[in-house]
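Visitor: I'm new to this one. Can you put it up and walk me through some contacts?
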Amino acid sequence: ADLLVATVSFKTPLKRIRLGLCTNWLKDLESGDNIRIWIKKGSPLFHLPKNENLPILMVGPGTGLAPFRSFIQEREWIQSNGGKLGWSGLFTGCRYKAKDWCFGEEFQNQVLNN
């Protein structure tokens, strides 16, 4: 399992530093620390089409890659088990490649291998 979190830290117009409570708490955890979490079931309307041959276009304009990454991983699994897939594409909103290119190498490898 993976967790991708952007740490919230910014200065207000009055030059006061504001930190995201949860994101900074997570940032300060050490490897091996235990935390309690729960998973909320997502919308039943947000899923891959049942017909795997249909093309899919995914757009994540800075709103999170997790659901699209899982879609890509599922389609990769289907293909590796002999399934035929339609075209798929992912567009993301990225201001700074050095900061925002999360899972970029993984996605590039999937493009090259499929």
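Visitor: Which side chain does Lys27 meet in a salt bridge?
Guide: Lys27 meets the side chain of Asp28, at 3.7 Å from N to O. A salt bridge here is a side-chain nitrogen of Lys or Arg within 4 Å of a carboxyl oxygen of Asp or Glu. Keep in mind that this is a predicted model: local features need pLDDT of at least 70, side-chain atom pairs count only at pLDDT 80 or more, and totals for chains, interfaces and linings use all residues. Residues are numbered from 1 along each chain as its sequence is written, and side-chain values use heavy atoms, with hydrogens and water left out.

Visitor: Is Asp28 buried or exposed?
Guide: Asp28 counts as exposed, at 52% relative accessibility. Lys27 is partly exposed, at 49%. The cut-offs: buried is under 20% relative accessible area, exposed is over 50%, and partly exposed is in between (1.4 Å probe, protein chains only).

Visitor: How many salt bridges are there in the whole structure?
Guide: Two. Arg69 and Glu106 form a salt bridge too, with their closest N and O atoms 2.9 Å apart. Arg69 lies in helix α2 and Glu106 in helix α4, so this pair ties together parts 37 residues apart in sequence. Helices (H or I, at least four residues) and strands (E, at least two) are DSSP runs, numbered from the N terminus.

Visitor: And is Arg69 buried or exposed?
Guide: Arg69 counts as buried, at 11%. Glu106 is partly exposed, at 24%.

Visitor: Which ring does the charged end of Arg69 sit over?
Guide: The ring of Phe103, 3.8 Å from its centre. The rule asks for NZ of Lys or CZ of Arg within 6 Å of the ring centre and within 35 degrees of the ring normal.

Visitor: On to rings, then. How many aromatic pairs are there?
Guide: Four. Rings of Phe, Tyr and Trp (its six-membered ring) pair if their centres lie within 6.5 Å; planes under 30 degrees apart are stacked, over 60 edge-to-face, and the rest tilted. One of the pairs is Phe46 with Phe68, edge-to-face, with 6.0 Å between centres and 70 degrees between planes.

Visitor: Where do Phe46 and Phe68 sit?
Guide: Phe46 is in the loop between α1 (21-27) and β3 (56-60), while Phe68 is in helix α2. They are 22 residues apart, so the pair links distant parts of the chain. Phe46 is partly exposed at 44%, and Phe68 is buried at 9%.

Visitor: What does Phe68 form with Phe71?
Guide: An edge-to-face aromatic pair, at 6.4 Å and 75 degrees. Both lie in helix α2, three residues apart, about one turn of the helix. Phe71 is buried at 12%. Phe46, Phe68 and Phe71 form one aromatic cluster.

Visitor: Which element gives the most to the lining of the largest pocket?
Guide: β4, with five residues.
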